[in-house]
Amino acid sequence: MKLLRKRDIPDEKYTNAFLGYGPEDSQFVIELTYNYGVDKYDIGTGFGHFGIAVEDVAKTVELIKAKGGKVTREPGPVKGGSTVIAFIEDPDGYKFELLERGPTPEPLCQVMLRVGDLDRSINFYEKAFGMELLRKRDNPEYKYTIAMMGYGPEDKNAVLELTYNYGVTDYEKGNAYGQIAIGTDDVYRTAEAIKLYGGKVTREPGPLPGINTKITACLDPDGWKTVFVDNVDFLKELE
């Protein structure tokens with residue numbers, strides 16, 4: 001990845017770094033946050049992993065090992081499927097799934113979150129967020145079902161992978177994972193849709209102090225946080 005930008009906010013005692021495979025106005029990126037003086041967090045049991053698409057998983061794993069990275073699952077086909085994957089862990093314990101696929105405009109391609117009621121979650125993300133159910137797969141042998149949600153096909157867009165483990169309705173979220181951010185043309189209408197379809201708005205829509213970018217924040221039925229950011233304001237902020 002490339003370091004796209006970094007900002008220090010001494011008044012609020014934190015520093016951000018934005019990393020990705022292309023510019024923020026057209027790519028999905030990871031926002032790393034360092035809070036002054038805090039060197040350890042609890043990731044919990046609810047957050048799954050980030051997904052990264054690579055053309056050769058085995059070769060990527062060898063490069064990661066050569067640079068001192070931690071491989072937690074060697075390359076091989078996914079349980080119950082044929083896609084070649086591997087798992088690695090960053091220095092803070094976040095898991096990354098490497099997925100073997102052809103060239104893609106969006107290498108940072110997935111965020112996996114565990115949910116307690118898959119149909120409820122699918123309904124919420126479709127109606128409140130305007131996402132599409134791209135595919136759903138049940139794996140009775142390993143006792144889980146996944147749903148891929150997004151705004152376009154998986155090979156060209158970042159998607160949300162929702163995982164339901166049979167019989168598990170609640171997870172510990174810890175304090176490490178923050179949120180997903182999504183662009184919107186109207187934060188006010190988005191907030192109304194979220195309220196209408198069972199989400200909880202935790203920050204009413206409006207401009208952020210200091211930078212005037214309009215946002216709204218909400219929790220889904222499982223308590224996962226999403227921030228919606230005004231598209232036009234975000235481009236001004238990047239300038």
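Reply: Buried means under 20% relative accessible area, exposed over 50%, and partly exposed in between, with a 1.4 Å probe and protein chains only. Helices (H or I, at least four residues) and strands (E, at least two) are DSSP runs, numbered from the N terminus. This is a predicted model, in which local features need pLDDT of at least 70 and side-chain atom pairs count only at pLDDT 80 or more, while totals for chains, interfaces and linings use all residues. Residues are numbered from 1 along each chain as its sequence is written, and side-chain values use heavy atoms, with hydrogens and water left out.

Me: Which residues of helix H3 are buried?

Reply: An α-helix has 3.6 residues a turn, so residues three or four places apart point the same way. In H3 (residues 187-196), the buried residues are Val187, Thr190, Ala191, Ala193 and Ile194. They lie on the same side of H3, because their arc around the axis (taken from the directions from the helix axis to the C-beta atoms) is only 160 degrees. On the other side of H3, Arg189, Glu192 and Leu196 are exposed.

Me: What covers the buried residues of H3?

Reply: Contact means heavy atoms within 4.5 Å. The cover includes helix H2 (118-127), S12, S13, S14 and S15.

Me: What is found at the start of H3?

Reply: A polar contact is a pair of N or O atoms within 3.5 Å; within protein, one must be able to donate a hydrogen and the other to accept it, and residues adjacent in sequence count only if both atoms are side-chain atoms. Here a side-chain oxygen of aspartate 186 comes to within 2.9 Å of the backbone nitrogen of tyrosine 188.

Me: Which residues of H2 are buried?

Reply: They are Leu118, Ser121, Ile122, Phe124 and Tyr125. These buried residues line one face of H2, because they fall within an arc of 165 degrees when seen down its axis. Aspartate 117 caps the N-terminal end of H2, with a side-chain oxygen 3.3 Å from the backbone nitrogen of aspartate 119.

Me: In what order do the four strands of the open sheet stand?

Reply: Two strands pair if DSSP finds at least two bridges between them. The order is S12-S15-S14-S13, with mixed pairing. Strand S12 (180-184) and strand S13 (200-207) stand at the edges with a single partner strand each, so one side of each has no neighbour in the sheet. S13 pairs with strand S14 (residues 214-219) in the antiparallel sense over five bridges; in S14, cysteine 218 is the bridge partner of valine 201.
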